[in-house]
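Biologist: I would like to learn how to read a model of this kind. Please take it one feature at a time.

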Amino acid sequence: MSQPDLATMPAGALHAVDITAATFKADPFPFYARLRREAPVFPVTLRFARQAQRAWLVTRYGDVVRVLKDSATFVKDPSAAMTAEQAKAAPMLRLPGPFQVLQQGLLSLDGDRHARLRTLVHKAFSARQIERMRDTAEAVTEETLDRLLPQGGFDVVGDFALPVALRVIGRVLGVPDEDHRRFSEWTRALVSLGDRHPLWVAPAVLRFLWYMRRLVRSRRRAPRDDLISALVQAQEAGDALSEDEVLAMIFLLLSAGHETTVNLIGNGTLALLNHPDEMARWRADPALGRSAVEELLRFVVPAETATERYATRDTEVAGAGIPRGELVVAVLASANRDATQFADPDRLDLGREANRHLAFGQGMHF
Ligand code: HEM
């Protein structure tokens, strides 16, 4: 089905737009531009595992910053926000037993529990580990291009971005090369859930957890120069990550680091192909690299929205009332095109200065 003209459709029809449809995602920017002008906080119905839930889309730059920074009013843990009745009716708050470890990562936690984990994880991301990640990313990119370029042409997402992202994260974690095929299959199953119920990929999740648990235990016995060993060894004031917390972190690194990177490479390449003048500008001046990557992050927005937040009390954003316990979605793709923050926001300008984009979010989960 072709996409209706989002810039001109009657205001009443905006509620019928399916923001999860592939046709919408191909170019969501006109829709968000209208919301910023006409309805900066906009209720939509999201479907998850066949259940419906109302969500409030927050689209203006200033309001997105406020939602992400006000971590007392907008929290990650729905049970800390909802009334008992709301929690009972809400779709899928808690995963069953063996899968709960996946919900203990940084992006599921608030307040002190988040701060504790983030401090410990920060220890593992030492300057040395970051340097190692850069070397790994460069080596994997070179290897992959050496293999692909002689073919004369390749699919940027399937042949390049996906395998590079997976291989880099696998090596950074310390997954042995001979296990890489299994590791990629499970990871792809894990991150390609879409709106299906998580139990749909239960066998892959269980095998992944079993494998990773063994790897974590072996690194605890005999640490190596890899991220799993660094996570296992990270200590702060006598505190350390438990085995489940290390597993949750590994899972989060895979899910948070995988799709975003692939989207930036894929959509960034497309943006450059659609703007040959900007591509020529970058080729002529490689020193543009830093601002160019920041601008591509702003322009393509690898994560269209921040992850979910829940209102802990009845509150108001941009004049709209949001009831306690309801789902709030900060739309990063919209904030990054807000003309109150960015001059000529729909233009790709690889030399853009003072580019305070929100591609990585804002606040404590930045
Ligand atoms: C283009 C690349 C990336 C983009 C645009 C991106 C974007 C984001 C955004 C928007 C958030 C915050 C979500 C929220 O507040 O709801 C986030 C959090 C996070 N990202 Fe990324 N990300 C990228 C790459 C990566 C990579 C490569 C990794 C690791 C391998 C990673 C790991 C994380 C983690 C662990 C968090 C949670 C931090 C916390 O809760 O304290 N991200 N990312």
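Predicted model: local features only at pLDDT ≥ 70, side-chain atom pairs only at ≥ 80, totals over all residues.

Biologist: How is a pair of packed helices described?

Modeller: Two numbers are used for packed helices, the angle between the axes and the distance between the axes. Take helix α11, residues 243-274, and helix α13, residues 289-300: their axes come within 10 Å and cross at roughly 95°.

Biologist: Which word goes with that angle, parallel or perpendicular?

Modeller: Angles from 65 to 115 degrees count as roughly perpendicular. α11 and α13 are therefore roughly perpendicular to each other. On the α11 side the contact is made by Leu264, Asn267, Gly268 and Ala271, and on the α13 side by Leu296, Leu297, Phe299 and Val300. Sorted by class, this contact has six nonpolar residues, two polar and no charged ones.

Biologist: At what angle do helix α8 and α11 pack?

Modeller: Helix α8, residues 180-191, packs on α11 at about 80°, and the axes are 10 Å apart. These two helices are therefore also roughly perpendicular to each other. Thr187, Leu190 and Val191 of α8 meet Leu254, Ser255, His258 and Glu259 of α11. The classes here are three nonpolar, three polar and one charged.

Biologist: Now the ligand. Which element gives the most residues to the shell around the ligand?

Modeller: That is α11, with seven residues. The shell has 22 residues, and Leu106, Gly257, Thr260, Thr307 and Gly361 come nearest to the ligand. By class the shell divides into 15 nonpolar, six polar and one charged.

Biologist: How should I read the largest nonpolar core?

Modeller: Start from the members that touch the most other members. In this core of 83 residues they are Val58, Val64, Leu231, Val328, Ala330, Val331 and Leu332. The largest share of the core, 10 residues, comes from α11.

Biologist: What is Val328 in contact with, apart from its neighbours within four places in sequence?

Modeller: With that exclusion, Val328 contacts Trp56, Val58, Val67, Phe74, Arg309, Tyr310, Ala311 and Ile322.

Biologist: Where is Ala354?

Modeller: Ala354 is in the segment after α14. Its phi is positive, about 45°, although Ala354 is not a glycine. Ala354 is exposed, because 7 other C-beta atoms lie within 10 Å.

Biologist: Why does Asn355 count as partly exposed?

Modeller: The label applies between the limits of 12 or fewer for exposed and 20 or more for buried. Asn355 has 17 C-beta neighbours inside 10 Å, so it counts as partly exposed. Asn355 is also placed in the segment after α14 (332-335). Leaving aside neighbours within four places in sequence, Asn355 contacts Ser291, Glu294, Glu295 and Arg298.

Notes. Residues numbered from 1 in each chain as written. Helix = DSSP H or I, 4+ residues; strand = E, 2+ residues; numbered from the N terminus. Contact = placed C-beta atoms within 7 Å. Near = placed C-beta within 6 Å. Nonpolar A, V, L, I, M, F, W, Y, C, P; charged D, E, K, R; others polar. Axes fitted to C-alpha atoms, helices over the stretch in contact; angles between N-to-C directions. Parallel < 35°, antiparallel > 145°, perpendicular 65-115°, else oblique. Core = buried A, V, L, I, M, F, W, Y, C linked by C-beta atoms within 7 Å.
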